[in-house]
Amino acid sequence: AATLVVGVPPVVTGHPTSQIAVVGTSPTFTVAATGSVPLSYQWQKNSTDIGGATSASYTIANAQISDSGSYRCVVSNKYGSVTSNPATVAVGYAPAFASHPSPADQATGASVTFSISLSAGTAPVTYQWQKDGTNITGATSTSYTIATLTTAHAGSYRCIASNAFDSTTSNPANLTVGVIPVVTTQPANKNAIVGTSPTFTVDVNGTAPFTYQWQKDRTTFGASTRTTYTVTTAQTGDSGLYRYVASNTYGRVTSNPA
């Protein structure tokens, strides 16, 4: 008598899928197949057998750029063999910052530029600047410039660098915007009788704190921290031009003389 054994050749029921991987990670390909057992597996890279890669899955340990390529698996039994669809892996570097944006403290009307640089990142890399966590329209390069500052620009700025492998967010940089002093009320001219005590007054707006200094005939006298100055017991020698100088971190302003 003769025995007839009927077997089933392999059929791939699940093909490996393409993927991207960051350098140093370990991407895994998997194949699923049916057919008469035992089934044997042989993984290939760019159509060349990979030594020792003979199971239903294949892991690239500590992937490097050179591991990028096309991978497939040949499944065999004694009745035949079948090759899976190829799957590609692209191995690259996620963006990494070499420099972060720096904090800034500027006056209204000035300009400011934030910038970053990368130490790593497989091209192409895209950039998106944010203010207080919200994307800034059109701010998509390695630097972001505000040409004319207003107080509304104050806030926290950061940049997100992205590529196919990952995205990375820079450290935030705080922008402080201050207002140069502005004299809103000028000192008024005075006529004073000898022995009286005339007072000059000014009002100033801007970003506090201020330092104040009164001058007579452009010469600074004494120290003052107030927006008023009184000539105590005026004498004829006190006649002259009086003005006020206000300063803060962002600049200084001089009132009209009185």
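Analyst: The turns below take up each feature in order. The model is predicted, so local features need pLDDT of at least 70 and side-chain atom pairs count only at pLDDT 80 or more, while totals for chains, interfaces and linings use all residues. Residues are numbered from 1 along each chain as its sequence is written, and side-chain values use heavy atoms, with hydrogens and water left out.

User: What is the strand order of the open sheet of four strands?

Analyst: Strands of a sheet pair through backbone hydrogen bonds, either parallel or antiparallel. Strands (E, at least two residues) are DSSP runs numbered from the N terminus, and two of them pair if DSSP finds at least two bridges between them. Here the order is E25-E24-E27-E28, with antiparallel pairing. Strands E25 (219-220) and E28 (251-254) stand at the edges with a single partner strand each, so one side of each has no neighbour in the sheet.

User: How many bridges join E24 to E27, and which residue of E27 stands opposite Trp214?

Analyst: Six bridges join E24 (residues 211-216) to E27 (residues 242-248). Trp214 stands opposite Tyr244, and Thr211 stands opposite Ser247. The hairpin of E24 and E25 has two residues between the strands, and in it Asp217 takes a positive phi near 50 degrees. E27 is joined to E28 by four bridges and by a hairpin of two residues; Asn248 has Gly251 as its bridge partner in E28.

User: Which residues do ring pairs link into a cluster?

Analyst: A pair of aromatic rings is described by the distance of the centres and the angle of the planes. Rings of Phe, Tyr and Trp (its six-membered ring) pair if their centres lie within 6.5 Å; planes under 30 degrees apart count as stacked, over 60 as edge-to-face and the rest as tilted. The whole structure holds 14 aromatic pairs. The cluster consists of Phe200, Phe210, Tyr212, Trp214, Tyr229, Tyr242 and Tyr244.

User: Is Gln44 buried or exposed, and with which side chains does the Gln44 side chain make a polar contact?

Analyst: Buried means under 20% relative accessible area, exposed over 50%, and partly exposed in between (1.4 Å probe, protein chains only). Gln44, in strand E5 (residues 40-45), is buried because its relative accessible area is 9%. A polar contact is a pair of N or O atoms within 3.5 Å; within protein, one must be able to donate a hydrogen and the other to accept it, and residues adjacent in sequence count only if both atoms are side-chain atoms. The Gln44 side chain makes such contacts with the side chains of Asp49 (2.9 Å) and Arg72 (2.6 Å).

User: What does the side chain of Asn77 reach?

Analyst: Asn77 lies in strand E8 (residues 69-77) and counts as buried at 12% relative accessibility. Its side chain reaches the backbone nitrogen of Tyr79 at 2.9 Å.

User: Which residues have the most contacts inside the largest nonpolar core?

Analyst: A nonpolar core is a set of buried Ala, Val, Leu, Ile, Met, Phe, Trp, Tyr and Cys residues joined through side-chain atoms within 4.5 Å. The largest has 20 residues, and those with the most contacts inside it are Phe29, Trp43, Tyr58, Ile60, Tyr71, Val75 and Val89. E5, E8 and strand E10 (87-92) each give two or more residues to this core. Another core, of 19 residues, lies apart from it and includes Val112, Ile116, Tyr157 and Leu175.
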